[in-house]
Amino acid sequence: MYTVAALYHFTRFDDPAAIKDPLLAACREHRISGTLLLAKEGINGTIAGTATGIAAILNVIRALPGCATLEHKESHATIAPFNRMKVRLKKEIVTMGQPDVDPVEKVGKYVAPADWNDLISAPDVAVIDTRNDYEVAIGTFDGAIDPETKSFGEFPAWWEENKDRFHNKRIAMFCTGGIRCEKSTNYLLGQGVDEVYHLKGGILKYLEEVPQDGSKWDGECFVFDARVSVGHGLEEGPHILCHACRQPILPEDKNRPEYEDGVSCHQCINDTTEEAKNRFRERQKQIRLSAERGEKHMGEF
């Protein structure tokens, strides 16, 4: 059983590059796998390992400048969620492309999972899912608005085009773990929206704390590791990943005529050229040859 920790924290790192190598070394020392992103605005990522290893790395991270109050969401996996450990330097720990957005300065009002149902049931509240379209497709809150964005960077343009729909509405937003809402709520406040709320701890915390029989969540929650999706109680969901388009599919989708392992699925069959598909086939061939030689494939999840 692997312990999985999803975490983020907005703070100000003067020199993220100076943090990278010592953090990577500590993760390797404690046999941690996953990805951590560092930027001048903070840290973000998901890591997995033993319970003691995760606890040790969380202590290391909380000792970084401004990270003493870092919170995390913890769950478990029966298979290794990641193949290796990566610490990467980025311009943003979650890319929105809005240089004036600063979650350290101010964000929307946090709403605990226990209070979320009452808020989103109010008639004067508009509920917006800030995740990407493929994430929304496998699960969301009842009545939530899907902006149908391909990436988080498209959210500001979507808001500008649709803001008139929300006149005299309170806005409640949510995402997987909370990080996107830190930026999206700051953005809306900067656009003059008076009352902006977001789900504290994100969908993961809601699924962990709110019983299924009292839940307004419908479906599964996409996660960025080998589990692909989780449900109530953070139990592993049924989804698998199409390794061509990196989108979630169900096991029965492998029986569809569009599916070819690592090459295409019903969602991406028309999105790639035959030349690209042939490259994917060659990649799959090399993976199979490595497996036959007993080598562990080190591809990214």
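View 1. W158 is buried, with a relative accessible area of 9%; buried means under 20% relative accessible area, exposed over 50%, and partly exposed in between, using a 1.4 Å probe and protein chains only. Please keep in mind that this is a predicted model, in which local features need pLDDT of at least 70 and side-chain atom pairs count only at pLDDT 80 or more, while totals for chains, interfaces and linings use all residues. Residues are numbered from 1 along each chain as its sequence is written, and side-chain values use heavy atoms, with hydrogens and water left out.

The structure holds 12 aromatic pairs. Rings of Phe, Tyr and Trp (its six-membered ring) pair if their centres lie within 6.5 Å, and planes under 30 degrees apart count as stacked, over 60 as edge-to-face and the rest as tilted. One of these pairs joins F155 and W158, with ring centres 5.7 Å apart and planes at 35°, so it is tilted. The two residues are three apart in helix 5, which means that about one helical turn separates them; helices (H or I, at least four residues) and strands (E, at least two) are DSSP runs, numbered from the N terminus. Both F155 and W158 are buried. W158 also pairs with F166: the centres are 6.0 Å apart and the planes stand at 50°, so this pair is tilted too. F166 counts as buried, at 7% relative accessibility.

**View 2. A cluster of aromatic rings.** Here you can follow the ring pairs that link W116, F141, F174, Y206 and W217 into a cluster.

View 3. For the method, a 1 Å grid is laid over the protein atoms alone, and a pocket is an open set of points where a 1.4 Å probe fits, with protein on both sides within 12 Å along at least five of seven lines; lining residues have an atom within 4 Å of a point. The lining has 18 residues, of which Y8, E71, Y110, E182 and K200 lie nearest the centre. Strand 1 (2–10), strand 4 (71–77) and helix 7 (202–209) are the elements that give two or more residues to this lining.

**View 4. K200 over the ring of Y110.** K200 lies over the face of Y110, at 4.7 Å from the ring centre. A charge sits over a ring if NZ of Lys or CZ of Arg is within 6 Å of the ring centre and within 35 degrees of the ring normal.

**View 5. Cysteines without a disulfide.** A disulfide here is a pair of cysteine sulfur atoms within 2.5 Å, and by this rule the count comes to zero. The sulfur of C268 has its closest cysteine sulfur in C245, at 3.7 Å, too far for a bond. For C27, the closest cysteine sulfur is in C67, at 13 Å, again too far for a bond. C268 is buried, with a relative accessible area of 4%, and C27 counts as buried at 0%.

**View 6. Two loop residues with positive phi.** Most residues other than glycine have a negative phi. N168, in the loop between helix 5 (155–162) and strand 9 (170–174), has a positive phi near 65°. L234, in the loop between strand 13 (229–230) and strand 14 (240–241), has a positive phi near 55°. N168 is exposed, with a relative accessible area of 66%, whereas L234 counts as buried at 10%.
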